[in-house]
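The following questions and answers examine a single protein model. Please consult the sequence and the structure while reading them.

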Amino acid sequence: MFRHTALATILLFSTALTAPAFAQSGGGASGAPAPASTPDAAAPVQEDAPVDVSAPGQSDEIVVTGRFTPDPVRRTTEIVSVLSTADIARTGEGDIAGALTRVTGLSVVGNGFVYVRGLGDRYSLALLNGSSLPSPEPLRRSIPLDIFPTSVLASALVQKSYSVNYPGEFGGGVINLTTRSIPEKPFLAFNISGSGDTETTGRLGYTYYGSRSDWTGFDNGARDVPAPLAAAFNSGNLIAEGANFSRSQIQAIGASLLNAPTSVLQRSDTIPANVGFDVSGGISKDIGTLRLGLIAAAGYSNTWRTRAATQQLSGGFVNGDTLNPDVNFRTVLTDNRIVVNGLLGFGAEFGENKLRWTNLFIRDTIKQGRLARGTDALGSDGTTPIIDQNTRWFERQLIDTQAVGEFRFGDASLDLRGAYANSQREAPYERSFRYTFDSAANDFVNNLGQSGNARIAFSDLNENAYSGGIDLGYKFPTAVPITLQGGYAYNDNRRNSVRRDFRFIPAGGSLGADVAQERPDYLLSDYNIYTYNILLAETSGQSGAAAYDAGLRVHAGYGQATVTPFSQLTVNVGVRYEDGRQFVTPLELSGQPSATIAQTQIKRNYWLPAATITWNFAPDMQVRLNASKTLARPQFRELAFQVYQDPDNDRQFFGNPFLTDSQLKNAEARYEYYFGRDQRFSLAGFFKRIENPIETFAFRSSGLLQSSFANAPRADLYGAEVEIQKYVPLEGLGGGFFTARKLLINANYTYTKSKLKIGGDDQIIFADGTRFAASDFFNNGAPLTGQSDHLANIQLGFEGNDKERVSQQTVLLNYASKRVTNRGPSGTPQQPDIFEKPGFRLDFVARQAVPFYDRFVELKFEARNILGTRFQEYQKTGTSRIDINTYDVGTSLSLGLGVKF
């Protein structure tokens with residue numbers, strides 16, 4: 001359950017909840033009765049189901065309660081939105097990332113990375129039951145939330161104003177996910193669904209065999225590093241013909257690689273539909289005053305997505321103001337994504353105390369086939385047709401175990417938590433081939449050097465995270481309520497990453513025309529390897545480090561006080577101290593630190609204050625003011641000078657070892673009006689000043705668009721958000737349909753504006769240590785990357801009045817304005833920034849319970865992206881436009897069935 005001490009008081013109000021406010025359901029450290037002057041003192045409080053939330057320093061059960069703002073809520077301070085299981089179900093999303101797009105000021109980018117108020121994912125903190133998680137995706141610090149199925153979650157809390165019981169890396173907000181614990185009563189539930197979209201299902205796509213078990217998301221061992229290559233890896237030497245490896249050894253290594261199953265791209269005219277299912281169950285038992293519970297869940301989804309993309313790149317301006325597509329490809333990518341998850345949780349309650357032990361397993365695999373055809377004026381002559389082919393396999397896996405104890409001793413509270421998590425990412429057999437058209441042969445050829453190439457890469461990442469914490473709170477029995485709270489938190493993340501890159505080259509310099517015309521598996525067959533002396537040459541470390549070790553250790557302590565000088569006013573003030581030690585050490589193949597690539601050592605400590613004043617000036621209205629200081633540390637991958645492939649945007653990235661921490665100063669004011677049960681209006685304004693924000697910028701390399709990172713000097717961000725929710729009874733319209741239902745109207749809008757501040761003397765440090773004028777990469781007044789000026793959500797839906805029989809029909813409209821994904825490639829003049837244009841997304845979700853023998857079966861229908869909004873990533877100047885990555889997304893339809901016993 002959500003536990004709450006008055007020192008960390010948090011105002012809980014959902015974006016689509018069945019009630020507008022939250023209140024404590026009992027006495028204790030913060031439970032004072034509502035004064036007689038409030039409307040709720042005159043009548044019993046109407047209660048709905050408790051919302052289960054577990055977060056640092058929270059220690060009282062919170063439940064959804066009646067109308068207006070009862071006393072415990074009047075004394076709360078922070079700005080929080082909560083999605084309960086009912087809210088998540090209303091959106092119809094299968095993962096929590098999709099459901100969070102309905103929260104005011106939130107947007108989701110790529111595969112489940114949540115942006116708060118337009119700030120990038122590095123400014124968002126994701127927790128599970130109050131403990132941090134390592135990300136299985138090396139591109140990001142935060143975990144991709146779309147790998148969390150909604151079936152394993154009890155709630156999702158979003159807090160936008162900083163309170164010192166949370167870690168200091170809070171820039172934009174915190175998203176705390178709470179897994180299910182003790183069930184109210186035994187249950188067993190099954191859900192199954194099928195879906196497809198107009199751009200993928202039954203349409204053209206590309207895939208490859210791989211292994212027989214790929215459909216499970218687990219390779220059957222076919223992609224394991226073969227013994228000759230593994231022995232060469234263990235030698236610590238560069239794998240190339242010479243002193244350490246003979247030609248015969250190199251040929252044996254090449255011949256040992258899994259060939260045809262990983263290199264033959266196959267055309268499919270009937271990409272299959274998506275399927276998914278999950279099962280969950282729980283039991284509870286009372287033994288005297290002790291209540292025990294167990295909950296388990298497992299799920300599987302197999303989805304397909306094809307993107308027929310236009311991918312262009314400009315070498316620079318023509319005639320001073322026009323961008324020409326010097327690289328121009330039509331690319332088809334097909335992703336087969338398999339997600340397997342499991343949850344096993346144990347819980348115990350005795351009195352007001354609770355123990356929770358949660359074990360989570362998530363495996364997220366992408367099998368990608370890619371075929372591109374076009375021309376390249378930057379890496380070739382610009383007229384010769386080129387075919388690029390890629391086959392890839394990306395495994396992401398997370399194992400997490402954590403224990404939480406929440407104890408109450410009268411006016412004192414004690415929270416204990418500890419967690420261990422391991423995340424892995426493996427990408428074996430990343431293969432690429434380039435064929436160029438030969439007019440003499442009247443065919444596409446690949447002679448592995450002069451025209452065309454073949455490459456292969458193996459990468460492996462492993463990260464362990466240990467965390468623990470203790471939170472203490474005590475309410476003094478004084479006339480003026482005063483509560484003190486303090487705590488200590490420890491986090492230690494350690495990561496190791498290795499990437500080995502190779503290209504195939506003929507020892508004689510080129511292949512004959514008849515061999516060069518062969519398809520990839522014949523081209524690299526054992527026969528050709530030995531007959532034409534095709535050798536494997538390692539290129540690891542030529543573009544950054546082949547491996548790196550990284551770590552981040554943080555010791556933190558905090559203290560805060562909550563004072564209520566009179567019933568309408570609450571003051572919360574506190575400070576957090578954090579001592580952080582972060583390092584990234586590039587490694588040679590031998591495992592020794594690199595002598596040529598800079599190491600990163602960031603040793604900083606911070607005092608991070610926060611204060612909030614809440615004035616409940618009327619029974620149904622309140623105003624809150626908040627000010628705080630927070631920070632954002634660079635991610636490991638942003639620091640590591642190592643190439644890696646992002647399968648979502650089909651681009652390579654490099655880190656920058658010279659990045660430093662970003663520091664933020666935050667201020668916010670908010671007005672809230674609860675004008676009836678389940679009805680509310682809120683209006684807020686906010687401001688952030690960011691020192692050394694980390695920005696993504698693009699650059700060209702060998703005809704490819706690549707990305708890296710740099711600290712901009714500073715930036716300001718400000719904006720406002722408004723939300724309204726209202727339920728309208730429909731009995732007066734007559735008819736059985738309207739009499740049994742009410743209309744939900746929920747709308748929110750966030751306006752955000754950000755501006756980079758670039759001075760004439762400001763400099764940045766590139767990944768190789770070279771200093772440049774900041775104005776060469778950043779334009780003064782440009783927006784922060786990832787920030788949309790406008791975010792809007794509208795929900796219109798019918799909901800049945802019978803809570804035992806679900807009946808919901810909801811239309812959801814989401815809008816996000818364009819946002820920068822990369823600063824434009826440098827040049828003279830600098831190219832314009834690269835923008836993404838999310839646009840409008842219209843969805844429809846219907847859930848209906850129908851009788852089936854002695855129980856109800858729930859049917860769910862979803863129509864997503866009804867307007868067929870395209871994905872657009874582009875550069876634009878004047879009348880010229882370069883489509884960096886633009887494709888049709890299509891409309892998806894889904895039908896699901898669920899039954900609960």
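**Salt bridges, packing and cavities**

Asp286 has a relative accessibility of 54% and therefore counts as exposed. The model discussed here is predicted.

Q: How many salt bridges does a search of the whole structure find?
A: Side chains of opposite charge can pair when their charged atoms come close. Applied to the whole structure, the search gives a total of 46 salt bridges.

Q: How many residues apart in sequence are the parts tied together by Glu169 and Arg633?
A: Glu169 and Arg633 form a salt bridge whose closest N and O atoms are 3.2 Å apart. Glu169 belongs to the loop between strands E9 (153–159) and E10 (173–179), whereas Arg633 belongs to the loop between strand E29 (621–632) and helix H10 (636–639), so the parts that the pair ties together are separated in sequence by 464 residues.

Q: Are Glu169 and Arg633 buried or exposed?
A: The N and O atoms that come closest in this salt bridge lie 3.2 Å apart. As for accessibility, both Glu169 and Arg633 are buried.

Q: Where in the chain does the salt-bridge partner of Arg823 lie?
A: The side chain of Arg823 meets that of Glu695 in a salt bridge of 2.4 Å, N to O. Arg823 is in the loop between strands E42 (819–822) and E43 (834–836), and the two residues are 128 residues apart. Arg823 counts as buried because its relative accessibility is 0%, and Glu695 counts as buried because its value is 1%. The partner, Glu695, lies in strand E34 (residues 694–701).

Q: Why are the buried residues of helix H4 on the same side of the helix?
A: Helix H4 (residues 227–235) has Leu229, Ala232 and Phe233 as its buried residues. These residues lie on the same side of H4 because the arc that they cover around the axis is only 105°.

Q: Against which elements do the buried residues of H4 pack?
A: The face of H4 turned away from its buried side carries the exposed residues Ala227 and Asn234. On the buried side, the packing partners are helix H5 (247–256), strand E23 (453–476) and strand E24 (482–506).

Q: Which residue stands opposite Ile505 in E25?
A: In a regular strand the side chains alternate between the two faces of the sheet. In E25, Ile534, Leu536 and Glu538 are buried on one side, and Leu535 and Ala537 are buried on the other. E24 and E25 pair in the antiparallel sense over 5 bridges. Opposite Ile505 stands Leu535.

Q: Which elements give two or more residues to the lining of the second largest cavity?
A: The second largest cavity holds about 100 Å³ of space. Its lining has 14 residues, and those closest to its centre are Arg425, Ser459, Ser497, Gln642 and Tyr644. The elements that contribute two or more lining residues are strand E21 (412–438), E23, E24 and strand E30 (644–646).

Key:
Residues are numbered from 1 along each chain as its sequence is written. This is a predicted model: local features need pLDDT of at least 70, side-chain atom pairs count only at pLDDT 80 or more; totals for chains, interfaces and linings use all residues. Side-chain values use heavy atoms; hydrogens and water are left out. Buried means under 20% relative accessible area, exposed over 50%, partly exposed in between (1.4 Å probe, protein chains only). Helices (H or I, at least four residues) and strands (E, at least two) are DSSP runs, numbered from the N terminus. The arc is that of the directions from the helix axis to the C-beta atoms. Contact means heavy atoms within 4.5 Å. Two strands pair if DSSP finds at least two bridges between them. A salt bridge is a side-chain nitrogen of Lys or Arg within 4 Å of a carboxyl oxygen of Asp or Glu. On a 1 Å grid over the protein atoms alone, a cavity is a set of points where a 1.4 Å probe fits but cannot get out, and a pocket is an open set with protein on both sides within 12 Å along at least five of seven lines; lining residues have an atom within 4 Å of a point. Grid points are joined across faces, edges and corners, and a volume is the space filled by probe spheres set on the points.
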